[in-house]
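Hi,

Here is the structure I promised to pass on. Have a look, and my notes follow below.

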Amino acid sequence: MQLTIRSVESRVRRCGDLMTYASAIQFLYGLQWFGLKLGLENTRRLAALAGNPQERLRFIHVAGTNGKGSTCAMIEAIYSATGLRVGLFTSPHLISFRERIQVNRVSISEADVVRLVQQAQRYLRGFPHDHSPTFFEVVTVMALCYFAEQGCDLVVWETGMGGRLDATNIVTPVASVITNIEFDHERWLGSTLSKIAAEKAGIIKPGVPVVTATDAPEALGVIRAAAGLAQAPLVTVGIEEVRTPPLDTIALPLPGEHQKFNAALALATVRALSSRFPVSDDAVRRGLAAVQWAGRLQKIQTAPDCVTLLDGAHNPAGVHALEAALNLYYPDRRPVMIFGVLQDKDWSAMCHRLSPLAQALYLVPVTSARSARPDDLRLACQVTAAHLPIQICASIEEALELTRDAPFRLITGSLYLVGEALEKLSGESAPAVGERALNEWTPGSIGARKPDG
């Protein structure tokens, strides 16, 4: 049977005629079968059917390889400290789908998710079965509708993948932010930093200021050229901005030198928009001093003498930042490490760098069809740490149980894995439905749409 929007709806209806939050999540999960499709046509059409809510909003659009979520959280925190009503759209979520859509860091309610899914269903029925919108396209328009309904003064808007053909790129922002350019998602974005930069630079709009902490010369050159072509003022952020007031005296709750760069990038963005959204140094201090972003060098005291760190270092650049943080904060300690990663990442390079840092290594599969095999990870880890004790575990539950008495434990790799571990360590009740599965997509169903225009 050919998969269509109507067939997805009918599967959900078997659970009952009245849509619940669980059935809304199930409907969204059904959209995952339409895969990952880069292009703007469907998102624009969906938004038009919804009355183009993006035209009633102002956005800061954030792209880049690493640090997007942290930078978004910092920008949101600063503007919230001024009293603005600030929307925040990010992905993936760690535990609950509702994390993706927030206003002043309050997640969208289950009732609003249900209502917006029902609204989206009406729009989706008019699409041909061979051009059905994907999960991310639908959620992008749901977020636009919600932020418009909530009367947000500003929306901090994170790209999903790339930028140029990402569903989020239907908006015209007041500022475009590109955190950095590293190797990741090469299959879709290109095999060189310049090609990846060209995709990220696709969020640059005519006359709209661009702020970036990119330092790779070939990538920065592409961004400069794109900004010049669009006559968009370009602000670059380097080490000198990290050391200037008020950043030099703020104790960031998010640890790591890389977070100081993210803070400098957030502050440069705020200053680029100062004529439209004035922000005092006091609001900057209060916002950055209160910022929170889970799963990034997050510390949990699991017992009086046991510390667990969770860090979503999901590509080689993320591992490099994690290594620097461990050397800075724990120079004389080596953690017991739990590691799992997706197959489509450069897991070999990650293993080579991580294994010498560990006292012992517990390799686990990520709960994803795209998970790398722990046996393959073991072979890669042994290249740089031949005598390291390595244990293959069937699940994160097994690894957590085996390492529960470790004085210093690190859980890293895929953000999916970090979210699963965070849920189990938090002691809170798990969501009633498998919401983390909404992060998943099947490589075999990926299709690239013809670029618009």
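The largest cavity comes out at about 60 Å³, and the structure holds 1 cavity of 30 Å³ or more. A cavity here is a set of points on a 1 Å grid over the protein atoms alone where a 1.4 Å probe fits but cannot get out, and lining residues have an atom within 4 Å of a point. The volume is the space filled by probe spheres set on the points, which are joined across faces, edges and corners.

Lining the largest cavity are L46, L116, Q119, A120, Y123, V138, V141, M142 and C145. Helix 5 (110-124) and helix 6 are the elements that give two or more residues to this lining. By class, the lining has 8 nonpolar, 1 polar and no charged residues (Ala, Val, Leu, Ile, Met, Phe, Trp, Tyr, Cys and Pro count as nonpolar, Asp, Glu, Lys and Arg as charged, the others, Gly among them, as polar). Helices (H or I, at least four residues) are DSSP runs, numbered from the N terminus.

Some caveats: this is a predicted model, where local features need pLDDT of at least 70, side-chain atom pairs count only at pLDDT 80 or more, and totals for chains, interfaces and linings use all residues. Residues are numbered from 1 along each chain as its sequence is written, and side-chain values use heavy atoms, with hydrogens and water left out.

L46 and V141 turn up again where helix 3 meets helix 6 (contact means heavy atoms within 4.5 Å): N42, T43, L46 and A47 face E137, V138, T140 and V141.

Cheers

Note on methods:
On a 1 Å grid over the protein atoms alone, a cavity is a set of points where a 1.4 Å probe fits but cannot get out, and a pocket is an open set with protein on both sides within 12 Å along at least five of seven lines; lining residues have an atom within 4 Å of a point.
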